[in-house]
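Here's a quick briefing to read alongside the model. Have the viewer open as you go.

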Amino acid sequence: MDRKNIHIIYGDNPKEMVKNLLKDANIVEEINRNALIGLKPNLVVAKKASSGATTTPEIVEGLIEYLHENGRKNIVIIEGSWVGDRTSKAFKVCGYDEISKKYNVPLYDLQKDSYHSYSVEGMNINVCEKAMEVDYLINLPVFKGHCQTKMTCSLKNMKGCIPDTEKRKFHSRGLHKPIAYLNRILKQDLIIVDGLNGDLTFEEGGTPVKMDRILLGKDPVLMDSYICELMGYKVEDVPYITQAENIGVGTCDVENAVIKELNQAKNRIDLSANSGTVERLTKNVQAESACSACYGSLVHALNRIEEKGQLNKIKEKIYIGQGFKGKEGKGIGIGMCTKGFSKCIKGCPPKAIDIIEGILEK
């Protein structure tokens with residue numbers, strides 16, 4: 001699989017979705033049969049994936065089944081939760097104890113692991129031994145908001161592979177530079193992004209946004225650059241991404257990336273399940289049979305617009321959903337289903353960054 005490729009699949013069956021992604025990219029061909037394969041989910045806290053904080057266990061199950069079916073059985077799951085929570089508790093609450101027993105895949109708590117120091121351009125970083133031992137590292141981040149770095153995905157998820165003492169140092173160093181430099185040391189071979197319902201603004205969960213997609217790629221800088229656009233940020237808004245590009249970890253060049261969508265987004269959003277925050281952001285939105293992927297992009301866009309202090313300045317009604325196919329009207333239409341409206345922000349689904357530009361343009 002080429003590093004400039006990003007594969008995307010939409011739906012609500014994580015196990016089958018991830019298997020289809022892996023088959024389409026023919027990933028098994030690049031993994032030696034005897035390789036030690038490390039799976040690194042995001043279990044930052046002991047909260048279920050439905051909270052928007054942690055990696056959906058069914059994605060990991062689908063990945064393990066794919067590997068087993070293709071004769072790759074030397075697999076470990078590695079993680080170190082954030083300082084203040086216990087990885088062992090997260091393994092249990094998030095369903096990974098059950099995965100370990102079901103598939104005979106060992107769990108390694110990196111909070112208890114030994115570590116070694118590595119140097120990158122004068123910066124010393126301690127990295128856990130088990131993370132460095134694996135032959136093929138599969139990163140399984142959640143794309144979600146973050147209270148300090150705005151978003152977190154591929155690059156930042158590697159922070160779970162350093163000891164707690166080093167995590168504290170990362171914060172004292174301002175997070176961005178050490179995150180970038182860590183990724184020069186710890187190289188990801190494959191990235192499978194859980195974009196099913198990551199949290200809107202906070203890495204600890206609580207305000208999940210249903211987007212019903214999983215992404216697959218190999219370049220963590222390119223993946224995070226693309227995720228920025230999905231969430232309504234510019235790459236420059238998240239300094240560790242461009243810093244990682246500058247030291248050779250990957251590229252931010254989304255414009256020349258090959259985006260392959262395996263299917264179309266069709267799952268309809270259940271508006272009754274929205275959090276109070278989402279309800280507030282979408283009070284001016286008229287939705288009729290809206291797909292969760294499209295609606296999720298709109299929610300992220302409206303949140304960014306609110307951060308700019310411009311949400312209350314939007315006077316036009318916003319329309320979204322398949323119920324508006326073939327209809328005409330005044331107002332702002334989101335997605336191809338609303339192409340008959342006076343202003344339509346096209347895409348199926350559109351990215352949040354495009355929705356922001358479309359809504360705010362004069």
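Below are the overall build and a few backbone spots to look up.

This is a predicted model, where local features need pLDDT of at least 70, side-chain atom pairs count only at pLDDT 80 or more, and totals for chains, interfaces and linings use all residues. Residues are numbered from 1 along each chain as its sequence is written, and side-chain values use heavy atoms, with hydrogens and water left out.

**Overall build**
- The protein has 13 helices and 16 strands, counted as DSSP runs (helices: H or I, at least four residues; strands: E, at least two) and numbered from the N terminus.
- Its C-alpha trace spans about 60 × 45 × 40 Å along the principal axes.
- Of the 362 residues, 59% count as buried, meaning under 20% relative accessible area with a 1.4 Å probe and protein chains only.
- Take contacts (heavy atoms within 4.5 Å) between residues at least 6 apart in sequence: 70% of them join residues at least 24 apart.

- D212 has a phi near 50°, a positive value in a non-glycine residue.
- You'll find D212 in the loop between β10 (190-195) and β11 (213-217), and it's buried at 4% relative accessible area.
- S289 isn't a glycine either, yet its phi is positive at about 55°.
- S289 lies in the loop between β13 (285-287) and α12 (292-307); at 31% relative accessibility it's partly exposed, the class between buried and exposed (over 50%).

**Cis peptide**
- C348 and P349 are joined by a cis peptide bond, with omega about 0°.
- P349 is in the loop between β16 (341-345) and α13 (352-360).
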